[in-house]
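Dear colleague,

I am passing on the structure below, together with some notes on what turned up in it. Please read the notes with the structure open beside them.

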Amino acid sequence: MCASPRQRAIPNEIEVCVSERQASSQVGAVEQQAREAEGYDFQAIQDRWLPVWDQLKPFEVSGDSGRPAKYVLDMFPYPSGDLHMGHAEAFCFGDVLARYWRGRGYDVLHPIGWDSFGLPAENAAIKRGVDPREWTYANIDQQKASFRTYAPSFDWSRVLHTSDPQYYKWNQWLFLKMYEKGLAYRKASWVNWDPVDQTVLANEQVLADGTSERSGAIVVKKKLTQWYFRITDYADRLLDDLDQLEGQWPAKVLNMQRNWIGRSRGAEVEFEIEGRAEKVPVFTTRPDTLHGATFMVVAPDSDLAAELAAGASPEARMHFQAYLEQTQKQTEIERQSTDREKTGVFLDHFAVNPVNGERIPVWASDYVLADYGHGAIMAVPAHDQRDLDFARKFELPVRVVLDVRDADGAQLPDPAESGVALVGDGTLVNSAELDGLGKAEAIAKSIEVLEGRGTGRAATTYRLRDWLISRQRYWGTPIPILHGADGEMKPVEQSALPVELPSSEGLDLKPKGSSPLGAATEWATVVDPETGESWTRDPDTMDTFVDSSWYYLRFLSANDDTQAFDPAAAKRWGPIDQYAGGVEHAILHLLYSRFITKVLHDLGYLDFEEPFTALLNQGMVLLDGAKMSKSKGNLVEFASELKEHGADALRVTLAFAGPPEDDIDWADVSVQGSAKFLARAWRIADDIETSGAPAGASFSDGDAALRKHTHHLLADAPGLVEAYKFNVVVARLMEQVNVTRKAIDSGCGVADPAVRESAEAIAVILSLFAPYAAEDMWAKLGHQPTVALVEWPAAEASLLVEAEVTMVVQVDGKVRDRLTLPASVTEAEAEAAARASAAVQRAIGDREIVNVVVRVPKIVSIATK
């Protein structure tokens, strides 16, 4: 037995005693952990509760209970195989929020489905020589089984698959509604072409480096007749309505959408081209610089360039054709690069500058894109670097029309000599009636002049282009349009929907530039029973982003064959209160969903215009700092982690790893640590059950200190969850478990009502993260399942008031004492208490106090000299 400190005199005896105590403490900790682990068997607990939940179906929603409604939705998965760690993270966070709102007294709709059309299934089917259906639905079954074990609180009665005819029938209905409204149209144009997948891509599906977001191939341009949705008709609303989502969506996502829509205000100026009856409209954000326009540039792949080249000399036509072929081999990224040497060909035509009547040459150059404005620009080389580089290369005039000065007010060099364009606002010069004006005044004046002469007007343009929805592949929604021999088109009657995909048997699904459906002759040919006329089905299928643009509405009426969705259900549940998913969908999916929602609103089906009120983006799950990849051999298998550690430990680990938006490196987390925490929490309920402590005692009779700790947790947890601070909630639960364990072992004891109150609070909040352990705790505490539907207990205000505070006293920056004072202490009282402290008086000694700063309830700082 160790002596007390006062009895010891020999230093090594102290060291031996401390060492003995540390060893004893370590042994005790190990024994405690062993006791806690004993009896906690995650596999047995999972096996116990899964069939109970299957029977109870606690998360199915039907009818109107009278409680307020919350719609929580996770971006639905693609069935490319079993679930992976990214799924584990995303669906963990969405489920935390769904479970939280149930506990706050809401009816919560939390459905699940599969985004099951698309190229991966078709490519996998081609590789394996099987029907895409076989591959797709086998993967869905595998993911569904994994989900069941992982235990998200889904309403399994509303499952949908976008590749089911019962779903894509309503895709086709939506297309026809768009067609009736003039929002679906077909045109020939240059499109993005994926040479590997042999299909077109929307602009949003081409990555910043010019590659396909699906295959990774360099995207090229190809002229095809394709179906489009007029998303540009909604550009202003899509942009302006983002203001409603400030503070609810990540700022990064809002900025990405704003930049993609890319609204620019300026003027549309009409240039006359000699020998051409129709004027050419050119958009510019700086109409004030028109006097500096010394040539015009058109995109080589534009219809205008082809028309002008056709009327040029044979030599010019030959040069143009060679240049066009060269341009078509380049990506848009290459064409837009600022450091590329400028190239181009003169088209043997001149335009007329509408403000000064000057003849200016018309060139074709690849730095102008066909889908920007009207595919033509006015070149102002003195004030645009790309125009200047082009002008210097081909010895074209450079005229300064803006007096731009440096920071000291000195005039900058002539760009024709320096090679550096004069950019900035400046003051207008060499510009007739605009001379002496600043930028804003000059733009307004120039538009006024153009309108007065009938050669231009104020205009707005956008980076956003219409949504190209045609795909030359099999595994997608057939487009419900019939084509006549004379080029006439007519929609399929709604009563004939769905237009189902034919069997893939006998079809060559390999990508070859045209849809495999075109070869399904029997399917493609339709004879009008009244007229006997023969029609041909459209051979293309829809972009799968059409499927996911409105799926959240189909969940409302997933089993209704009579309508796409019930508008009354949409009124009750919509818009989605909480959406969760990856930031990689910041433009494509979210933008398209917002567009389709606005269209359905305008058609009278919805009473809201924005589909997703709040958005949570999760980070990535990495391994050793790198994205997980089977080919790189750095993959953590979801199935193996689930089998080894159980769903609860996996979920707690993901929630505790950090803020949801941050990346998680699996090498830095401890699933075993989470499992130990769960065993420790579970043991509290087990101890209460074993002790036979009665359930009916009033909590108010329990230990005051433990009750205060419990009610601070109950008070703080809601705000933390709603702020997505899941890791902090888990940390607070860990702290609560430790405090309760201490109360049981060395405090008030397991029979104290405060221990039961704490255990119940732990079970209720823990159910957000660890549904199995929480359910087992709830049962051990004598309650019927399921804890997931228990309304959270409210914090008692009287237990949140601190009776005392601890104030630190510093003397010249060093802590000299800690004072326990009444919570109502004033600054004067705190200062007096500090001055009266013996420890503080010793620290001050004979020195003079020159300043005292008091910050109740934290600190008293005394300065001396």
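In this predicted model, L396 touches F295, P361, W363, F390 and A391, leaving aside residues up to four places away in sequence. L396 itself sits in the loop that runs between helix 12 (385–394) and strand 14 (402–403), and it counts as buried because its relative accessible area is 13%, where the cut-off for that word is under 20%. Along the chain, L396 and A416 are 20 residues apart, while in space their C-alpha atoms lie 9.7 Å apart.

A separate part of the notes concerns the second largest pocket, which has a volume of about 1100 Å³ and is lined by 45 residues, with K187, A370, D371, G373 and R465 lying nearest its centre. The lining residues of this pocket divide into 18 nonpolar, ten polar and 17 charged. Strand 5 (184–194) gives the largest share of the lining, seven residues, and among the other elements that each supply at least two residues are strand 7 (220–229), helix 9 (303–310) and strand 16 (456–462).

Finally, helix 3 (residues 85–103) has 19 residues and spans 27 Å from its first C-alpha to its last, close to the 27 Å expected at 1.5 Å a residue. Helix 3 is mostly covered, with 18 of its 19 residues buried, and it is followed by G105, whose phi is positive, near 95 degrees.

With best wishes

Note on methods. Residues are numbered from 1 along each chain as its sequence is written. This is a predicted model: local features need pLDDT of at least 70, side-chain atom pairs count only at pLDDT 80 or more; totals for chains, interfaces and linings use all residues. Side-chain values use heavy atoms; hydrogens and water are left out. On a 1 Å grid over the protein atoms alone, a cavity is a set of points where a 1.4 Å probe fits but cannot get out, and a pocket is an open set with protein on both sides within 12 Å along at least five of seven lines; lining residues have an atom within 4 Å of a point. Grid points are joined across faces, edges and corners, and a volume is the space filled by probe spheres set on the points. Helices (H or I, at least four residues) and strands (E, at least two) are DSSP runs, numbered from the N terminus. Ala, Val, Leu, Ile, Met, Phe, Trp, Tyr, Cys and Pro count as nonpolar, Asp, Glu, Lys and Arg as charged, and the others, Gly among them, as polar. Buried means under 20% relative accessible area, exposed over 50%, partly exposed in between (1.4 Å probe, protein chains only). Contact means heavy atoms within 4.5 Å. The expected span of a helix is 1.5 Å times one less than its number of residues.
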